[in-house]
Amino acid sequence: MPYEPPEDFMRALHDLLGRVPTPFYAYDLRRIEERTRRYLEAFPTARVFYALKANPRLRLLERLRSQGLGAEAVSLGEVVRAYVAGFMPDEVVLNGPVKPPEVLGELARSGVPTLVADSRADLERIAQRLPEARVLLRLNPDLPVDTHPHLATGRGDSQFGVLPEDWPDVFARGRELGLEMRGLHVHLGSNLHNPADFAARLEVLQRLRERVGPLEVLDLGGGFGLDLDPRDLAPGMFALARAYGAELWIEPGRALVADAGVLVARVWAEKRTRRRYLLLDAGMTAFLRPLLYGARHPVRPLYASERTAVYDLAGPACESGDVLARDVELPVPREGDAVAFLEAGAYGEAMHLDYLDHPRPGAYAWDGARWEVWRRPGRLPALWEDEPDRAEYL
Ligand SMILES: Cc1ncc(COP(=O)(O)O)c(C=O)c1O
């Protein structure tokens, strides 16, 4: 069953609808705090790094930092964003399959986070440019992770990490290069819902332990699906960290913010082709997950009417794939009525596209009494401000 936002939040959404343009994202801060507390309580002695790709708004990062979390980043931009939000370099972990020389050079200037090397080449480059860096080496556990293929980073055929048979040698190479090799990183994938995936990883890591000496850090990444209870997973993860003599780190993203957020869009037309559509002012450029991952998000009407019908909800793009939900039963709307897509707080706003020049949706957070602006709605001129208005040559 999806989490239903509380009534006062839904009432506050109605109020917000009259004050800001649609589409917009809205978050319930109390839910984010509750979810964060749940993870901190389940992992009391672990270090918890929030995967800021899920939702990188600065005001959110500041709040999570004040709850004691670190930040997990996958680009130079995300590292610098984390610093802007107040995180210190030793509170930030940088992942990602490639760390180009310019990125390493920039980190030397702005502050060096813990780096997760993703390959032998990554290690060599880090050793050349940032010889003092603290480094983890990412493992590809080569498991048939049960999630959408675009999210299954722990599969052996994905581009991530170093396979178990190669991991000990590549790790030793890092030491030879003089790097401070602190431990092992492994991220199975995102939106995991099957505890068997976590159990399979324990086995891989237990086997690997025989070939790897004690480590300082065991970073088991994120991927916790909304319906998983962290209290069920924590004991196995802590036992594994103990087996390595390591401190446990985790990197949840979606689990902390997804069900606290909604996307609100207005209905501008009802239309029949061979199917029955509602046409919305939000589509794939505002909310990519349905198209990218086939994600299904529950929809709630922010209006009432007596009759209902079953609709597909389509966006404004000239793409037949621009459908945010199919076969949704809703009250028959009037022009301008609004709907809310639930569980849109992670990888929703963060994935907004400039494609088609739709201005970016604004973002607002409800604290139980007031709406805080997390990001103002995008402005049209911002979409072309980096384009020369007369010929410019290099
Ligand atoms: C390395 C790494 N850590 C953590 C995460 C967070 O995953 P989730 O939001 O599913 O918890 C991701 C997401 O892709 C990731 O790539």
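Student: What classes of residue make up the shell around the ligand?
Tutor: The shell has six nonpolar, nine polar and three charged residues. Ala, Val, Leu, Ile, Met, Phe, Trp, Tyr, Cys and Pro count as nonpolar; Asp, Glu, Lys and Arg count as charged; the others, Gly among them, are polar. This is a predicted model: local features need pLDDT of at least 70, side-chain atom pairs count only at pLDDT 80 or more, and totals for chains, interfaces and linings use all residues. Residues are numbered from 1 along each chain as its sequence is written.

Student: Which residues come nearest to the ligand?
Tutor: Of the 18 residues around the ligand, Ala 51, Ser 190, Gly 222, Gly 253 and Arg 254 come nearest. A residue counts as near a molecule or strand if its C-beta atom, placed from the backbone, lies within 6 Å of it.

Student: Which residues does UniProt list for "binding site"?
Tutor: The unreviewed UniProt entry lists Arg 254, Arg 289, Tyr 293, Glu 319 and Tyr 347. They spread over 94 residues of sequence and up to 27.7 Å in space, between C-alpha atoms. UniProt positions follow the numbering used here, feature names are shortened, and annotations may be inferred rather than shown by experiment.

Student: Why is Tyr 347 called buried?
Tutor: Tyr 347 has 24 C-beta neighbours inside 10 Å, so it counts as buried. The cut-offs: 20 or more other C-beta atoms within 10 Å of its own make a residue buried, 12 or fewer make it exposed, and anything in between is partly exposed, with C-beta atoms placed from the backbone. Tyr 347 lies in the loop between β15 (338-341) and β16. Helices (H or I, at least four residues) and strands (E, at least two) are DSSP runs, numbered from the N terminus.

Student: What does Tyr 347 contact, leaving aside its neighbours within four places in sequence?
Tutor: Tyr 347 is in contact with Ala 54, Arg 254 and Arg 289. Contact requires C-beta atoms, placed from the backbone, within 7 Å.

Student: Why is Asp 327 called exposed?
Tutor: Asp 327 is exposed because 11 other C-beta atoms lie within 10 Å. Asp 327 lies in strand β14 (residues 323-331). Its phi is near 55°, a positive value in a residue other than glycine.

Student: And why is Asp 142 partly exposed?
Tutor: Asp 142 has 16 C-beta neighbours inside 10 Å, so it counts as partly exposed. Asp 142 sits in the loop between β6 (134-138) and α7 (167-176). Phi of Asp 142 is near 60°, again a positive value in a residue other than glycine.

Student: How many residues of domain 1 and domain 2 are in contact?
Tutor: 21 residues of domain 1 contact 19 residues of domain 2. On the domain 1 side that touches domain 2, α11 (289-293), β16 (362-366) and β17 (371-375) each supply at least two residues. That side divides into eleven nonpolar, four polar and six charged residues. The domain centres, taken over C-alpha atoms, are 32 Å apart.

Student: What joins Thr 22 and Pro 23?
Tutor: A cis peptide bond joins them, with omega about -5°. Pro 23 is in the loop between α1 (7-17) and β1 (24-28).

Student: Why does Ala 42 count as buried?
Tutor: Ala 42 has 20 C-beta neighbours inside 10 Å, so it counts as buried. Ala 42 is in helix α2 (residues 29-42). Ala 42 and Pro 23 are 19 residues apart in sequence and 36 Å apart in space, C-alpha to C-alpha.

Notes. Domain bounds come from an automatic or database domain assignment. Two residues are in contact if their C-beta atoms, placed from the backbone, lie within 7 Å.
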